[in-house]
Amino acid sequence: MDYWNNFVARKEAAEPSMTADGVIQTCKTLAAAAHQVTSAELAGEYPKIGPVTDFENKAEASGYLVYID
């Protein structure tokens, strides 16, 4: 989850017009809308193995953070 969330946040923070306050607000907004996942989903839909670029691309394309309860 940490890797997934880092990729999503880096993409958002890299916007040319992003300010430090904007990064903080964006992180709060993303955290409030995070998707809950189960262990099974994490293993299947959000795999740890495979090329990092595939994982990074999937995370960045998602536009959302993930968390597990």
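Predicted model: local features only at pLDDT ≥ 70, side-chain atom pairs only at ≥ 80, totals over all residues.

Guide: Residues are numbered from 1 along each chain as its sequence is written, and side-chain values use heavy atoms, with hydrogens and water left out.

Visitor: How many residues does helix H1 have, and how far does H1 reach from its first C-alpha to its last?

Guide: Helices (H or I, at least four residues) and strands (E, at least two) are DSSP runs, numbered from the N terminus. The expected span of a helix is 1.5 Å times one less than its number of residues. Here H1 has 12 residues and reaches 16 Å, close to the expected 16 Å.

Visitor: Which residues of H1 are buried?

Guide: Buried means under 20% relative accessible area, exposed over 50%, and partly exposed in between (1.4 Å probe, protein chains only). In H1 the buried residues are Trp4, Asn5, Phe7 and Val8. They fall within an arc of 160° seen down the axis of H1, so they line one face of the helix; the arc is that of the directions from the helix axis to the C-beta atoms. The face turned away from this buried side carries the exposed residues Asp2, Tyr3 and Arg10.

Visitor: How many aromatic pairs does a search of the whole structure find?

Guide: Rings of Phe, Tyr and Trp (its six-membered ring) pair if their centres lie within 6.5 Å; planes under 30 degrees apart count as stacked, over 60 as edge-to-face and the rest as tilted. The search finds 1 pair. The rings of tryptophan 4 and tyrosine 64 have centres 6.0 Å apart and planes at 35°, so the pair is tilted. Tryptophan 4 lies in H1 and tyrosine 64 in the loop between H4 and strand E2 (66–68), 60 residues apart.

Visitor: What does the side chain of asparagine 5 reach?

Guide: The side chain of asparagine 5 reaches the backbone nitrogen of valine 66 at 2.8 Å. Asparagine 5 is buried, with a relative accessible area of 18%.

Technical notes. Polar contact = N/O pair within 3.5 Å; in protein donor to acceptor, adjacent residues only side chain to side chain.
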